[in-house]
Amino acid sequence: MHTDEQLRQDGVFGQTIGAATSRQRREEGAVVHVSDQVQSVTWQDEVLRVARRVRVRVLEHILSNNGGYMSQACSSAETLAALYLKIMNLGPSEAPMVPLPFPGVPGPGNKDYFTGAAYNGPRAPHLDRFYLSPAHYALVLYATLIEVGRMAPDGLAQFNQDGSSVEMIGAEHSPGMEVTTGSLAQGLSQAIGVAVARRLRGDTGRTWVYISDGEFQEGQTWEAMQFLSFYRLDTVGIYVDVNGQQCDGAMESVMPIEPLKARLEAFGARVFQVDGHDPEALAAPAALEPDGRPLVVLAYTDPCRGLDLLRRNAPKLHYLRFKSPEERQLYEAELRKMQTEEGV
Amino acid sequence: MELLKRVHAQNLVAWAKDRPEVVVLSADLTSSCEADLFRDTYPDRFYSFGLSEQNMLSVAGGMAREGLYPYVHTFAVFIYRRAYDQIAMSVAYPNLPVRMIGFLPGILTPGGATHQAIEDIAVMRALPNMSILETGDATDVESVLDVAQAVDGPVYVRMLRGEIPRLFNAREPMQFNRARVLSRGTDIALLTSGICTEEAMRATSVLRQRGVSIQHLHVSTLKPFTDPAVLEAVAGARYGVITMENHSIIGGLGTAVAEVMAEHGLGRRLVRIGIPDVFAHGASRQYLMKELGLDAAALVRKVEEMVGQPLGITEEDLTAVRLTAVHSDAKAEAL
């Protein structure tokens, strides 16, 4: 039971609900007490609500910055929301609500260096870890951290500002990040190293990795998959944003990776193909008992979900730029509509 | 001269005995990199990656973040050429204590251009946070793990394997960023590294007999490169400075010495003996050292040029110096 006072301290409903659902993992339709009045808010509703707000926040930011990674928010919002609110067993954030400035690059002389992992809570043997591999999803991650109460909205004002740790292509000092993954396909391997060390120590917490489908074009990803299978690292769970998009356009026109499920199964993975906008479908595989095989959830997503206007840009969806004042006005109008619907 | 076999294989097992945080990672060259004894002794701390260097280096970074000390074992060439971005981003940028043990550096392998790490020092030296060590004898091999382990950050090691000589007193271990002074002199400053030190020692004994006074340093730390002994040797050399390395003349020991000389305004002649900016090919160590001018005879010629007079030293003189036991039962390094 949470009091109003605790809620004020936590700042945002999302964190409280997230913490509650973490404790109530695998209980369907948890009733969450958010005030003196008892409201019945399912975690599924909460995931969808956070996802919608993430899109609003990202679009708002992109309009004020005249460009940004919009389609990534459209495709990944439910998955990241489900990870933070339901799937991952994380403790409360231990980081400042407003991110600290960039502490300088890591090195033997830099004792002030920090990673952004503290936004995902403390390190403990029983708690999970989270690794974001496609670092250009950082904006979506920051927005998600805000909507689940782990970062202040003001934190996003530092995005891509000189001297800030809230970098455009997130690095390990950026909120919610722990390793440097901007060079794609290295995130999974680094998380595997963490998971191996945790298994040696006897940790029970799991290691979650969020990767993008384009990373399956890199050989390193397949090297990592064969390692996971050989060492039966079933504590590693991988969520893939299968949005079918990459910088040059639609993946099927650049370098196809399908049939991804069959390919991954051939590599010994336990693969689930789900609707990446359905919280229930996203969370279900994570609730299964690990069986020795690495878990891969292929979240098939729509890169324009929740923002039909973006479809006009297809097949170039990787980065949204406004080509004219008229186009910008269209997006501004759309944002106002979304804000009104969301009551923000 | 004492010759020892599989020094690293045995040393690694003894050294890691009470260091449970040390793990060994291997990419299908476990016996070739003398990690087989470790694998058999501590199977729970050994990770076989197969042929996947990129994954191996990134995984090593992840392990190091969690308090493990990964000792990556494979051929030197496959570490930096196949997984450079992974080293840069998963290991060097976060300054993680991953120890990359690179075997068969330079022309130590008859495997040809694909197997010969000839620009590894150049590449790794340019990486921020990276430290670079190179072994030249059994004593270096026995003590390099202690030196590497004490470094706060990633370390790349050029390692020797198989049958190797003991050039240095076993009770005088390698020291970080400190060259070994093998002889003192005022005519020429000679800085050598790796297997070139053994080769140079054959030449210097004859050169001394001919009256050439040589300050000979064996350099085992190539980065950082701030040992004051280097500066002293250079400043005290009447004729000039010679470097000798089993590496391209670009970016390795010779370049590091040139940088120190230039930055301190020490106007001396500098001759860099090394692989002369060419790829090598598959042949024996002895053949390639002669062909590329990395052997004792090549050093003698450079000294003669530098002092401006022939010294009358023949191949026979150098062969006579060579302790026949050194390579009596040594074969060309196989894969």
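Predicted model: local features only at pLDDT ≥ 70, side-chain atom pairs only at ≥ 80, totals over all residues.
Local features need pLDDT of at least 70 and side-chain atom pairs count only at pLDDT 80 or more, while totals for chains, interfaces and linings use all residues. Residues are numbered from 1 along each chain as its sequence is written, and chains are lettered from A and ligands numbered from 1 in the order in which they are written.

Chain A has 11 helices and seven strands, these being DSSP runs numbered from the N terminus (helices H or I, at least four residues; strands E, at least two). Of the contacts in chain A between residues at least 6 apart in sequence, 77% join residues at least 24 apart, a contact being a pair whose C-beta atoms, placed from the backbone, lie within 7 Å.

In chain B, strand β7 (residues 155–159) is largely enclosed by the rest of the structure, because five of its five residues are buried. In a regular strand the side chains alternate between the two faces of the sheet. Both faces of β7(B) are covered, with B:V155, B:V157 and B:M159 buried on one side and B:Y156 and B:R158 buried on the other.

Strand β11 (residues 214–218) of chain B is likewise largely enclosed by the rest of the structure, since five of its five residues are buried. From β11(B), B:I214, B:H216 and B:H218 point one way and B:Q215 and B:L217 the other way, and all are buried.

The table lists the partners of these two strands, where two strands pair if DSSP finds at least two bridges between them.

| Pair in chain B | Bridges and sense | Opposite residues |
|---|---|---|
| β5 (residues 99–103) and β7 | five bridges, parallel | B:G102 and B:R158 |
| β6 (residues 131–134) and β7 | four bridges, parallel | B:S131 and B:V155 |
| β9 (residues 180–183) and β11 | three bridges, antiparallel | B:R180 and B:H218 |

From β10(B) the chain crosses through helix α8 (residues 195–209) of chain B to β11(B) in a right-handed β-α-β crossover, meaning that, with the strands pointing away from the viewer, the path from the first strand over the helix to the second runs clockwise. The β-α-β crossover from β6(B) through helix α7 (residues 138–149) of chain B to β7(B) is right-handed.

Notes. Buried ≥ 20, exposed ≤ 12 C-beta atoms within 10 Å, placed from the backbone. Contact = placed C-beta atoms within 7 Å.
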